[in-house]
Amino acid sequence: METTNTPEVVLSVRNLIKDFSIGKKKTMRAVNEVSFDLCKGEALAIVGESGSGKSTGARVLTRIYDKTGGDIIFKGQPLDEFVKQHGSLEYARQVQMIFQDPFGSLNPVHSIFHHIARPLLIHKRADKKTIEKLVYELLELVGLFPAAETAGKFPHELSGGQRQRVAIARALAVDPEVILADEPISMLDVSVRLGILNLMTDLKDKHGISFMYITHDIATARYFAEKTAVMYVGHMVEWGNSDKVTQTPQHPYTQLLLSAVPEAGQKGRRELGAKKGEIPMWTGDTKGCPFAARCPRALDKCNDSFPGVTQIAEEHFIRCHNI
Amino acid sequence: MNNSIASAPNQQSQFRQTCSTVWMKCKAFFSGNPPAIIGVSLIMVILLGALFAPILSSHNPDKRVARPHVAPNAEHILGSTRNGRDVFSQVLYGARKTLAVSLFAGIIAMSIAIAVGVTSGYMGGKVDEWMNFATNVFLVFPQLPLLIVLAAFLGQVGSMVIAVLLGFTSWPWGARVIRSQTMAIRNKEFIISAEVMGESKIRIILVEILPNLISIVFGGFLGTVIYAMGAEAALGFLGLGDATEVSWGSMLYWAQVSSSLYTGAWWEMLVPAIALALTGGALALINMSIDQVSNPKLKTGPHLKLWKKMNHETEKRRGLV
């Protein structure tokens, strides 16, 4: 995604590949040839259906999983070199993650105070005297009032939205450069989603934190993120400026995804215009375009080779043979 | 909700607050939980009896202090044995030995179970494979026969040897349960987020995983203690323990040897048997009540009462009652 006059690139990913072994000698390719740049103070939304490799990609970036191939460049240094030079703890500090399930991401036996104090203590950003004040500041920053009372509570005493705010406060505690948000609002009530999104927008704009926002909701992607990338079965099929991708989608999959968004005032069923093909099982040897089986515009060569990158407008890229 | 963190750094008030929190928790544990009340009070009585045995008993349990098989009377509340020992004193002193053996065995077994279970569940991979293999090997050993063979091989063994033997043979069950629960917790997002945060492995195990296992660990511990008590008594009864030590097992052994039931001296046999049954029952009741605390779905007692009341009212309204 070579965009012009971009601000500082914090994290850049080139041709990332992640294989999982399934059984003996068989591998499943969860992420294939994914490349993107994450700029300072910008959000990149990764949109895709379940199993399209969005979360796997994020987990490779947090070093929970090891990558199979490709390069991850953090602050101009390859990831391995960065870790060798600054230690894995420093990378863990700079790249934080927010999880999908606010009910599973907080330990039920510990108080909120513990959850936010731990990262501060691990990364030596506070000592015993200052920690109380810092924790309260963080809780207030994410909009949990009164902070002292909230800190003494346990996760089961908070609502889903409040817990997600705690998770965000925990990620913020170490002053990260990048936050990988793995479907942070998908398990929340519709009424509190906007609050969380606005909170993240604030953090992005005021604190210059870069977000990788993983979602399957293309509407919030456009609302929150400057850039959007659409993924299908581990491949990035279309990416670029959020408005362009969502307003003038060019890839048949993006078009299909957008036509599935319900609209107010819509009557009856709409034809989605896709063949009812199978979602392919991708391995290292599979050839062709992953969407070919379901694509209404598929050509013969779509089954033979994965299309290269085509720039169709400024800040708008696509991987499709039949544009 | 009391908040010890937000309170003033005054140590005394903090201490008072902690005390009140503990008190509140105890109250919550016992209210509407009859098994807990019965179990804990029984165990308290037994423990106090064992602790204050020298004060409570008027006779030396190892000395001949009465004629053989004296029926319960004012001087010998629970009668005397064939050898003229005072049964009441013996049961009090025997509690010390039996409880010490079973608690010691329980602690050994649960320590091994936690170490093996949590490590293999959290680490996974090769470590898990080998540890699970070892667990399975120990699991298929028939424990009591093994103990009998070992005890017979070692000759008449002391009670602490029995405790160690019991501890080292009864951990696999707990280890398996803890392992599977650890595996379930390991993939929870709060563990992953602790890893992403840079928390050390040992801290994740001790601070993040272990507190979630407390009810299982405690339940397993009580189960092992009950089992160890039974096994110790069984070994003693078979004469494989040290018959000169006073324990409930050796009391049963002597009662059997002197064929007390045939001669009508039921007290010599029944007293240690009832003591064993009561202690085991009390521990089982506590175990049950812990289950109810850790798993709110099992809190059926009060709910069942409420349901019955509501059902009765409904039926009354329908004119059925």
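1. A pocket, in the sense used here, is an open set of grid points where a 1.4 Å probe fits, with protein on both sides within 12 Å along at least five of seven lines. In this predicted model, the second largest pocket has a volume of about 520 Å³. Of the 21 residues that line the second largest pocket, those closest to its centre are A:Arg63, A:Ile64, B:Glu195, B:Val196 and B:Lys201.

2. The lining of the second largest pocket draws at least two residues from each of H3 of chain A and, in chain B, helix H4 (87-123), helix H9 (189-197) and helix H10 (201-209). By residue class, this lining divides into 11 nonpolar, five polar and five charged residues.

3. Turning to the interface, the contact takes 32 residues from chain A and 18 residues from chain B, and the area buried between the two chains is about 2,000 Å², with carbon and sulfur atoms giving 59% of that area. A:Phe99, A:Asn107 and A:Arg118 supply 21% of the area that chain A buries against chain B, more than any other three residues.

4. Between chain A and chain B the count is one salt bridge, in which the side chains of A:Arg118 and B:Glu199 meet at 2.6 Å, N to O. Nine residue pairs are in polar contact between chain A and chain B, with both residues at pLDDT 80 or more.

5. On the side of chain A that touches chain B, two or more residues come from each of helix H3 (88-94), strand E6 (95-98), helix H4 (112-122) and helix H5 (131-141) of chain A, and H4(A) gives the most, with five residues. The residues of this side divide into 15 nonpolar, 11 polar and six charged.

Conventions
Residues are numbered from 1 along each chain as its sequence is written. Chains are lettered from A and ligands numbered from 1 in the order in which they are written. This is a predicted model: local features need pLDDT of at least 70, side-chain atom pairs count only at pLDDT 80 or more; totals for chains, interfaces and linings use all residues. Side-chain values use heavy atoms; hydrogens and water are left out. Contact means heavy atoms within 4.5 Å. Buried area is the accessible area (1.4 Å probe) that two parts lose on being put together, summed over both. A salt bridge is a side-chain nitrogen of Lys or Arg within 4 Å of a carboxyl oxygen of Asp or Glu. A polar contact is a pair of N or O atoms within 3.5 Å; within protein, one must be able to donate a hydrogen and the other to accept it, and residues adjacent in sequence count only if both atoms are side-chain atoms. Helices (H or I, at least four residues) and strands (E, at least two) are DSSP runs, numbered from the N terminus. Ala, Val, Leu, Ile, Met, Phe, Trp, Tyr, Cys and Pro count as nonpolar, Asp, Glu, Lys and Arg as charged, and the others, Gly among them, as polar. On a 1 Å grid over the protein atoms alone, a cavity is a set of points where a 1.4 Å probe fits but cannot get out, and a pocket is an open set with protein on both sides within 12 Å along at least five of seven lines; lining residues have an atom within 4 Å of a point. Grid points are joined across faces, edges and corners, and a volume is the space filled by probe spheres set on the points.
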